Amino acid sequence: MSIWNDSRLLLDKYRDSEVNEFTIVYERCRRYIWTPDIFYETAKQIENYEKTSPSTLLKVLPDGAIIMSTRYSFKAGCHMNFENYPFDSQQCVFFVSLMTSSDSVAVLKWVGESSYQIRSIKMMRKAQPLQFFLREPTADTVTEVFAEGNYTSLLANFRMVRRLTGSIMNTYAPSTMIVTMSWVTFWIKVDAVPARVALSVTSLLTLCTQEMRQ
């Protein structure tokens, strides 16, 4: 969802409205209204449902601001660090940027930083990944300075903390049982070489097989 003001539009009748309601702009009129040229840097695949059904809604607020809501489906990449696995937490950042310099056209800001009482990032439903706990996402803004101008990007930070239940049940508990079973060789007589070797080799091969499956 995007909200912006365009001084080139004649929206006096909406600004003078005493009723605190919005006005929907129909699709034919929407083609003649300027919209920010936004791209999603970390998105690997973007799907828009505009071809099958209308997925963009354009409204004019009483103060003259334009609000655009579009439905997308993203597949984004995330660089993960497994150095502290399985006690790791991953930070995935989703970038929203402008194609043009922010000095000449517009400056991107989260909706929560404006006068509108709308949260910057709102989860429509509580996501429950199988291997992670998804924390409340946070919003941030970064400005990159280049020779041709400054470019503002919005960052949506998603922090995921790994669940330990799966690692304990699939790795730690079986490994502990196998190692404990290998200690039985200390109670076998020294003369029973075949039994001691078979038990030790079986424990070693079981650990190797378990590691290869992971």
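Trainee: Where is the place of Pro137?

Mentor: Pro137 sits in the loop between β9 (132-134) and β10 (138-146). Keep in mind that this is a predicted model.

Trainee: Why does Pro137 count as buried?

Mentor: Buried means under 20% relative accessible area. Pro137 has 9% relative accessibility, so it counts as buried.

Trainee: What is Pro137 in contact with, leaving aside its neighbours within four places in sequence?

Mentor: Contact means heavy atoms within 4.5 Å, and by that rule Pro137 is in contact with Ile121, Met123, Asn157 and Phe158.

Trainee: Which parts does the pair tie together?

Mentor: Cys78 lies in the loop between β7 (72-76) and β8 (89-98), while Cys92 is in strand β8, so the pair ties together parts 14 residues apart in sequence.

Trainee: Why is the disulfide called left-handed?

Mentor: Look at the torsion about the S-S bond of Cys78 and Cys92: it is about -85°, so the disulfide is left-handed.

Trainee: And are the two cysteines buried or exposed?

Mentor: Buried means under 20%, exposed over 50%, and partly exposed in between. Cys78, at 29% relative accessibility, therefore counts as partly exposed. Cys92, at 13%, counts as buried.

Trainee: How do you know that Asp88 forms a salt bridge with Arg162?

Mentor: The rule asks for a side-chain nitrogen of Lys or Arg within 4 Å of a carboxyl oxygen of Asp or Glu. In Asp88 and Arg162 the closest N and O atoms are 2.7 Å apart, and the pair forms a salt bridge. The structure holds one salt bridge.

Trainee: What makes this pair a link between distant parts of the chain?

Mentor: Asp88 is in the loop between β7 and β8, Arg162 is in strand β11 (residues 149-162), and they are 74 residues apart.

Trainee: Why do Asp88 and Arg162 count as buried?

Mentor: With the cut-off at under 20%, Asp88 at 4% relative accessibility counts as buried. Arg162, at 8%, counts as buried too.

Trainee: Why does Leu57 count as partly exposed?

Mentor: Leu57 has 34% relative accessibility, so it counts as partly exposed. Leu57 is found in strand β5 (residues 56-60). Not counting residues up to four places away in sequence, Leu57 touches Ile24, Ile67, Met68 and Ser69.

Trainee: How much space lies in the second largest pocket?

Mentor: About 240 Å³ lies there. Of the 10 residues that line this pocket, the closest to its centre are Tyr85, Gln131, Gly166, Ser167 and Asn170. Helix α3 (residues 165-182) gives the largest share of the lining, four residues.

Trainee: What is the lining of the second largest pocket by class?

Mentor: Two residues of the lining are nonpolar, six are polar and two are charged.

Trainee: Stepping back, how many helices and strands does the protein have?

Mentor: The secondary structure comes to four helices and 11 strands. Of the 214 residues of the protein, 27% count as buried.

Terms used: Residues are numbered from 1 along each chain as its sequence is written. This is a predicted model: local features need pLDDT of at least 70, side-chain atom pairs count only at pLDDT 80 or more; totals for chains, interfaces and linings use all residues. Side-chain values use heavy atoms; hydrogens and water are left out. On a 1 Å grid over the protein atoms alone, a cavity is a set of points where a 1.4 Å probe fits but cannot get out, and a pocket is an open set with protein on both sides within 12 Å along at least five of seven lines; lining residues have an atom within 4 Å of a point. Grid points are joined across faces, edges and corners, and a volume is the space filled by probe spheres set on the points. Helices (H or I, at least four residues) and strands (E, at least two) are DSSP runs, numbered from the N terminus. Ala, Val, Leu, Ile, Met, Phe, Trp, Tyr, Cys and Pro count as nonpolar, Asp, Glu, Lys and Arg as charged, and the others, Gly among them, as polar. A disulfide is a pair of cysteine sulfur atoms within 2.5 Å. Buried means under 20% relative accessible area, exposed over 50%, partly exposed in between (1.4 Å probe, protein chains only).
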